[in-house]
Amino acid sequence: MIKIISDSACDLDKKYTEENNIGIVPFNIIINEDTSLKDKIDIQSEELLEMMKKDSKFFAKTSQPSPDDYKIEFEKAAKQGCDIICFTITSELSGSYQSAEIAKKIIQEQYDIDIRIIDSMSASLGQGILIEKAVEMLEQNKSLDEIEDYINKIKLTSKVFLLVDTLKYLEKGGRISKSKRLIGNALSLKPILKLENGKLDIVDKVIGKKRAIKHLMKLINSEKNIYDKESELFVVHADSIQEATEIYDELKTNNNLPFEIGVLSPVLVCHSGNGSIAVGMVEI
């Protein structure tokens, strides 16, 4: 048997993870420097977004799952005699992958099981789509080697475009530099960032959110036209359901979207802020 495990940055909803027996290792959300909450367990996205809207100075930071957090989840699977394939957010933005690798060494000293750690080089449902493909392959009785090889191949095609209202949360969280934040905030520009090959960077700045959304769609369509392969796309948001729905409806006409519109998990909301929208794709 093979058990799928992921950190909570994958943005898969609870129903999907429960139906497919996926173990989730939560990030930690630290509020006011003294309150640590488990991502999507102790705090939900809606609560965090409400805090952001009520207090313009509000700031929460995140910390990666510890090796012990992974060890607990790995040991549950090990006691059932399951091999493990574990997915983490891109190692360029978090130490989650390193924590999983440490836990892997500890567990494999105690149990005779095989553990593979996959650096998704992505986040949100970009990571979630990789997990979805692993679920499909398990249903086809594919081996751990086959699953790992395929996922490592398609993850290189993952691209996520993130439209944010402000870069202040990304800067405070250490995901971009202060200079990039200052450039992005000039003239009230709406920054569009791209997560590709595990790295996040600003690719465009557009005046006004409506124009930014149109440009976001142009970028996605341009990426799709580069390759002649089938892709799966996704749309997630943080308190931007109307705009996200419009994007989703436009995309679903000619594209495969395996998931409904998603809500960014608290760990990602901490960095993107309220009003953000992400659209991404993985070639399968």
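Is Asp239 buried, partly exposed or exposed? Asp239 is partly exposed, with a relative accessible area of 39%; here buried means under 20% relative accessible area, exposed over 50%, and partly exposed in between, with a 1.4 Å probe and protein chains only.

The model is predicted, so local features need pLDDT of at least 70 and side-chain atom pairs count only at pLDDT 80 or more, whereas totals for chains, interfaces and linings use all residues. Residues are numbered from 1 along each chain as its sequence is written, and side-chain values use heavy atoms, with hydrogens and water left out.

## Overall architecture

The chain contains 11 helices and 13 strands, where helices (H or I, at least four residues) and strands (E, at least two) are DSSP runs numbered from the N terminus. Its radius of gyration is 18 Å, close to the 19 Å that the globule rule gives for 284 residues, so the chain is as compact as a globular protein of that length. That radius is taken over C-alpha atoms, and the globule rule is 2.2 Å times the number of residues to the power 0.38. The C-alpha trace spans about 60 × 50 × 30 Å along its principal axes.

Of the 284 residues, 55% are buried. Among contacts in the chain with a separation of 6 or more, 73% come from residues 24 or more positions apart; a contact means heavy atoms within 4.5 Å. The chain exposes about 13,100 Å², of which carbon and sulfur atoms supply 47%, by the Shrake-Rupley method with a 1.4 Å probe.

## Charges and salt bridges

The chain carries 38 positive and 47 negative charges, whose mean positions are 6 Å apart. Lys and Arg count as positive and Asp and Glu as negative, while His and the chain ends are not counted. Each charge is placed at NZ of Lys, CZ of Arg, CG of Asp or CD of Glu.

A search of the whole structure finds 18 salt bridges, each being a side-chain nitrogen of Lys or Arg within 4 Å of a carboxyl oxygen of Asp or Glu.

Lys53 is partly exposed, at 46% relative accessibility.

Lys71 and Glu75 both belong to helix α3 (residues 67-79), where they are 4 residues apart, about one turn of the helix. Lys76 and Glu73 are 3 residues apart in helix α3, also a separation of about one helical turn. Lys71 is partly exposed at 21% relative accessible area, and Lys76 is partly exposed at 48%, whereas Glu73 is buried at 13%.

Elsewhere, salt bridges link Asp114, Arg116, Asp145 and Glu148 in a network.

## Backbone features

Most residues other than glycine have a negative phi. Asn32, which is not a glycine, has a positive phi of about 55°. Asn32 sits in the loop between β3 (28-31) and β4 (35-38) and is exposed, with a relative accessible area of 57%. Lys40 likewise has a positive phi, near 65°. Lys40 lies in the loop between β4 and α2 and is partly exposed, at 30% relative accessibility.
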